[in-house]
Amino acid sequence: NTLLITAACLLQGCVLSSLHAASGESSGERPNIVVIMADDLGYGDVSCNGATEISTPHIDRLASEGVRFTSGYCSASTCTPTRYSMLTGTYAFRKPGTGIAPPTAPAIIKPDTETVASILKDAGYATGVVGKWHLGLGGEDGPQWNDELKPGPLEIGFDSCFLLPTTNDRVPQVYVQNHRVLNLDPADPLWVGNKSPSPEHPNGITNRSSLKLDWSHGHNHTIHNGISRIGYYTGGHAARFRDEDLADKWIEKSNEFIEQHRDEPFFLFFSSHDIHVPRMPHERFQGKSKLGLRGDSILEFDWCVGELMDTLDRLNLAEKTLVVLCSDNGPVLDDGYKDEAVEKIGKHRAGGVFTGGKYSVYEGGTRTPFITRWKGHIQPGVSDAIVCTIDFAASFAALAGTALPEGASLDSMDLSDAILGGPYAKGRDSLVQQDNGGSGTFGFRSGKWKLHRYDRKRARNVVVEQKLTNTPVPQFMLFDLEADPAEQHNVIAEHPDVAKKMKAELTAIIENGRSR
Ligand code: NG6
Ligand code: CA
């Protein structure tokens, strides 16, 4: 027996050391980095995480060639705070004003803040972002749509940007390229505001019968492309896009970026609008899933992943590029449009085995698809290390061979080892999760334990398969994720010591101003 174990250890050691030798860190090779972030994609929405009612062959291929994380997280269960903390490496709850940004929001990340992009740029990377931004544009007065739109991504480390400036359900439906609205005709200026510009301005209530996709809550202001949105706008007609064409445009612009920078290290943030509402994928995907437009949008996102992998293959970059796939928050079905997401859900569980989704600190709100691939450098497999999008800053800095600037990225941890699928890579010991921020709602995972804190004693979107609702909850709950991954049995009464210790740790992380 001892002999057998010794032989096994030796063998394992041998495999491990050869793996280590293959890793970029030890060979000193700096990978290109492509972050593919989905919008509102749940843990269970991809077939490599167990979905049976929808098939995502491209994402599955990425997973089979890389590491699929079972404890991969984003840091918040809405978009803006996750993106804020992904780029800055600092928890969004440390900075007021980082909740879901309205159409008129000024730039939330102030110029010269160190971000993943600025850190990699300083390390010699070409940096670009394509797709949804939703982190505000412009100075104190908000975006100047007819003028230069700055500050924005270019003032925090991106060399170039091609953006959906807010979200697809928030006005205006135009592209922003670097500092300008693309194709804006000065004779038809763009006006954007929170109040209707005139009593005659058509909106989702007055012209409801004309809509091609009806709204269910909110989303009844200005109509564009037969869909009413959040917020009002007029003008800029030549600049307006069709929702159906967004994914193709993101791929076209990403391909341009990758081709242009194929011979130098590059960082591309591919920020998909899929599968956020209004779900209106290209006609070629409509009706192709059995889950309605929500499923069709998953197919469109999966197609994008395939296109990006094909581009890397075509340019011989797959072995020089780390691809990281993640989502900005967990799933939601009815998020304001009557797209039959609830009606057609059937057996599909968008959050997998996890409870809760978007807006929630139950695991489903932030535990999301998380895959890393670097062909020839990552041993394919499955990892249960705890990793989070907030760790990109420190981890990518390490992979790029540079140090984190002093005072930057206060909560980001160097998990490069785990991201590369290192067999002994541990990942995080603990992770704080938040909802949209400002409500005193937190999730705190520490090993197998999960503490919930609700200062307002309300949780949102606990049961994803039903209409969005608030549920009354106690201020604190404790779950054992090992025995109860679905967080169904609050064991706080059985484990007062664990709860006490975790409450104190959570408070310290929040109050100390940094966790690193
Ligand atoms: C909510 C919107 C929702 C979505 C969300 C932001 C209403 C009623 N609901 O306020 O539809 O836009 O904001 O989503 O307007 S996120 O993924 O960008 O955070
Ligand atoms: Ca989102």
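A residue counts as near a molecule if its C-beta atom, placed from the backbone, lies within 6 Å of that molecule. Around ligand 1 there are 17 such residues, and T78, C79, G218, D335 and G336 come nearest. Sorted by class, this shell holds four nonpolar, nine polar and four charged residues. Here Ala, Val, Leu, Ile, Met, Phe, Trp, Tyr, Cys and Pro go down as nonpolar, Asp, Glu, Lys and Arg as charged, and the others, Gly among them, as polar.

The model is a predicted one, so local features need pLDDT of at least 70 and side-chain atom pairs count only at pLDDT 80 or more, while totals for chains, interfaces and linings use all residues. Residues are numbered from 1 along each chain as its sequence is written, and chains are lettered from A and ligands numbered from 1 in the order in which they are written. The pLDDT is the predictor's confidence in each residue, from 0 to 100. Its mean over the chain is 95, and 95% of the residues reach 70 or more. Residues 1–26 are another matter: pLDDT stays under 50 there, and the model has 17 contacts for them beyond four places in sequence (a contact means two C-beta atoms, placed from the backbone, within 7 Å). For the complex, the predictor gives an ipTM of 0.99 and a pTM of 0.95.

UniProt, in an unreviewed entry, lists residues 31–401 as "domain: Sulfatase N-terminal". Its positions are given in the numbering used here, feature names are shortened, and annotations may be inferred rather than shown by experiment. That stretch is 20% helix and 17% strand, and its end C-alpha atoms sit 10 Å apart. Helices (H or I, at least four residues) and strands (E, at least two) are DSSP runs, numbered from the N terminus.

A residue is buried if 20 or more other C-beta atoms lie within 10 Å of its own, exposed if 12 or fewer, and partly exposed in between, with C-beta atoms placed from the backbone. In α3 (residues 57–64), the buried residues are H58, I59, L62 and A63. They cover an arc of only 140° around the axis, which puts them on the same side of α3; the arc is that of the directions from the helix axis to the C-beta atoms. An α-helix has 3.6 residues a turn, so residues three or four places apart point the same way. The cover over the buried residues of α3 includes β2 (67–73), α7 (292–314), β12 (321–327) and β13 (371–373). Helix α9 (residues 392–399) has seven of its eight residues buried, so it is largely enclosed by the rest of the structure. After α9 comes G401, with a positive phi near 70°.

Most residues other than glycine have a negative phi, and most peptide bonds are trans. Yet K150 and P151 are joined by a cis peptide bond, with omega about 5°, and P151 sits in the loop between β3 (126–132) and β4 (160–164). Another cis bond joins V171 and P172, with omega about -5°; P172 lies in the loop between β4 and β5 (176–177). D112 is not a glycine, but its phi is positive, near 75°. D112 is exposed, with 11 other C-beta atoms within 10 Å, and belongs to the loop between α4 (79–88) and α5 (116–122).
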